[in-house]
Amino acid sequence: MDWQRYAEQMALLARDLLAQDSVQATLDEIAASAVKLVEGCDAAGVLTVSKGRAVTLSVCGDMVEESDRLQGELGEGPCFDAARRVDGERLFRIADMTEPQPSWPRFSRAARDLGIGSMTGVLLYTAEEDFGALNLYSRRPGAFGKDIEAAGWLLASHAAVALATARTVDQLEHALETRHAVGEAMGILMERHRLSEDEAFDVLRRISQHHNIKLRDVARHVRADHPEQA
């Protein structure tokens, strides 16, 4: 593998990932870059598992969503094993999916039917029982050797940092949007009902608690009912 060229591509990828304007765009760029940059990779995806439920966050290529669904449905597979390991190893590799895989007999049989020849993946994060992973797939056995594992690890490291940054930015923007919406709704209530700032916020809070609706959504309803003042 041409490591100098790969390093240059990693530098460009880091810039591209940070330039994405949303978490989803970042995830899509990660999956697409894996297929583009890792030799032998025919498909890639970002899988997250929360409370035992598998969710495909991003896909590039066939077979990914079905593979993710099978691992979640069966509760077995390389991603689950990697997340449960206690030795700190965050990377897995299945050199030849056409061979029996005693650790995940049901998943491996279904994966062969999907046309998966080999597979490798890296955990992006773990938190209690939740985890996320970048998975790479090839239609041919033996596609991912030791050097490809290193390439996948480098890609996943960039991806994990970019994803954490994107999630942080997304959360900050979301918080700012919420604060703005609540502020506008409070202003509407203060003007129409001659309320103080604390009284207006208390009205929104009580509606939120009584109807079990997020404060942001209550604010949006108030603004929608009084568009001329929003």
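I searched the whole structure for disulfides, meaning pairs of cysteine sulfur atoms within 2.5 Å, and the search found 0. Cys60 is in no disulfide, and the nearest cysteine sulfur, that of Cys41, lies 7.8 Å away.

I noted that this is a predicted model, in which local features need pLDDT of at least 70 and side-chain atom pairs count only at pLDDT 80 or more, while totals for chains, interfaces and linings use all residues. Residues are numbered from 1 along each chain as its sequence is written, and side-chain values use heavy atoms, with hydrogens and water left out.

For accessibility I used relative accessible area, with buried under 20%, exposed over 50% and partly exposed in between (1.4 Å probe, protein chains only). Cys79 is buried at 0%, whereas Cys60, at 22%, is partly exposed.

Next I looked up Ser108, which sits in helix 5, residues 105-114; helices are DSSP runs of H or I with at least four residues, numbered from the N terminus. Ser108 counts as buried because its relative accessibility is 2%. Leaving aside neighbours within four places in sequence, Ser108 is in contact (heavy atoms within 4.5 Å) with Met97 and Gln101.

Last I turned to Met186, which belongs to helix 6, residues 146-193, and is buried at 11% relative accessibility. Not counting residues up to four places away in sequence, Met186 touches Glu197, Ala200, Phe201 and Leu204. I also recorded that Met186 and Val203, 17 residues apart in sequence, have their C-alpha atoms 8.8 Å apart in space.

Technical notes. Helix = DSSP H or I, 4+ residues; strand = E, 2+ residues; numbered from the N terminus.
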